[in-house]
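Subject: Structure handover

Hello,

Here is the structure you are taking over. Please have it open while you read the notes below.

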Amino acid sequence: MNATVAVILALAVGTYAFRLVGPVLHGRVTVPPRVQELASAGAVVLLVALLATGALTESGGFAGWARPAGVLAGAALAWRRAPFAVVVLAAAVTTAVLRLAGVS
Amino acid sequence: MRSVQRTIGSAADRSLVRDSSLVWLASGVVGVSFGAVSVAGGLPVWVPVLMSLVVYAGSAQFSAVGVLLAGGGPLAAVATGLLLNTRTAAFGLAVAETLGTGRASRFLGAHLVTDETVAFALAQPDPVRRRRAFWISGLGLFAVWNAGVLAGALAGSALGDTARYGLDAAFPAVLVALVLPALRADARVRRCALLGAALALAVTPAVPAGVPVLLALAGLFLHRRPAAAPGAAA
């Protein structure tokens, strides 16, 4: 049990330290505009990589067809500037219906 | 005058709450499944509950508990979780401006930095709305996530297999909707993001979880200064 507490605390402290880097540095050191530009571009790059790996992979392998099909349905609606709620629901419902139909 | 401003402000807040609430709902159900999976695997109720409060990072929590339950040992559990969370440092840098310089705002706000909340904040057109979006999404998500985990830990596996609800497709779709405006507006960011995603997908089968997304940052090599772009590309 003590090992579990240690795991939780180590994860919590480490994660909070990562999260705090940006907010603590802000206003203390003058960040060059070029670095700021790269930081916001980097956030978009990370998010796109997250959505790509999240849509297509699961534990290092292919996630199956149902999930990427749902994400694609949501993405198509987002491209047509559909409301946020429609995008999210369409993705989940598409995947759920495909799974119900036996597509993994 | 003041009442007019307040009406406009609250209407804007309502639309932020409306857009956030679906992410909250989906996260709440994922939280329920995290609580249920942890307890079903043999961990006491307080483990997922405490972890969600103090770590507050879905993917890292799932992977840490997964490693623990698979008998991978505490060191491997911490290493996996921290590796997944290194990206929050980049996200913290991206929202530092939004959090401002107030002590409470920075120290509380840092804990609320998650993929969804950062994406939601950065998707807003102006700094004031970005700040409102960060706090509305962040505080709501924290509350719903932790309530969900507690409910799941107490209820056990009553919800069944949550893959049934297609929520695993909802999260990538949320991110698509949130980053699309930035991708449309800026061709340089688009190039970087495409290269990064391709790199991440290519290495996913070969490297530990968390590494692919970090490698995606190599896509930033395509991010050249506007003036230098034509010459540098040649």
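The notes below cover each chain, then the places where parts of the structure touch.

First, the conventions. This is a predicted model, in which local features need pLDDT of at least 70 and side-chain atom pairs count only at pLDDT 80 or more, while totals for chains, interfaces and linings use all residues. Residues are numbered from 1 along each chain as its sequence is written, and chains are lettered from A and ligands numbered from 1 in the order in which they are written.

Chain A

Chain A has four helices and two strands. Helices (H or I, at least four residues) and strands (E, at least two) are DSSP runs, numbered from the N terminus. Read from the N terminus, the order in chain A is α-α-β-β-α-α. The C-alpha trace of chain A spans about 55 × 45 × 25 Å along its principal axes. Its radius of gyration is 20 Å, whereas a compact globule of 104 residues would have one near 13 Å. That radius is taken over C-alpha atoms, and the globule rule is 2.2 Å times the number of residues to the power 0.38.

Chain B

Chain B comes to twelve helices and zero strands. The radius of gyration of chain B is 19 Å, close to the 17 Å that the globule rule gives for 234 residues, so chain B is as compact as a globular protein of that length. Along the principal axes, its C-alpha atoms fill a box of roughly 60 × 55 × 35 Å.

Six residues of domain 1 of chain B are in contact with six residues of domain 2 of chain B, where contact means that the C-beta atoms, placed from the backbone, lie within 7 Å. On the domain 1 side, helix 4 (residues 74-85) of chain B gives the largest share, three residues.

Two helices of chain B

Helix 7 (residues 115-122) and helix 9 (residues 167-185) of chain B pack at an angle of about 25 degrees, with their axes 8 Å apart. Axes are lines fitted to C-alpha atoms, for helices over the stretch in contact, and angles run from 0 to 180 degrees between N-to-C directions. Helix 7 and helix 9 of chain B are therefore roughly parallel, a label for angles under 35 degrees. The contact is made by B:Glu116, B:Ala119 and B:Phe120 of helix 7 and B:Val174, B:Leu175, B:Leu178 and B:Val179 of helix 9. By class, these are six nonpolar, no polar and one charged. Ala, Val, Leu, Ile, Met, Phe, Trp, Tyr, Cys and Pro count as nonpolar, Asp, Glu, Lys and Arg as charged, and the others, Gly among them, as polar.

Where the chains meet

How many residues of chain B are in contact with chain A? The count is 75 residues of chain B, against 61 residues of chain A. Helix 9 of chain B supplies the largest share of the chain B side, 14 residues. That side has 55 nonpolar, 13 polar and seven charged residues.

One helix pair joins the two chains here: helix 1 (residues 2-25) of chain A and helix 5 (residues 87-99) of chain B pack at about 35 degrees, with their axes 7 Å apart. Among the residues in this contact are A:Phe18 and A:Arg19 of helix 1 of chain A and B:Leu93 and B:Val95 of helix 5 of chain B. The residues of this contact divide into ten nonpolar, four polar and one charged.

Regards

Technical notes
Parallel < 35°, antiparallel > 145°, perpendicular 65-115°, else oblique. Contact = placed C-beta atoms within 7 Å.
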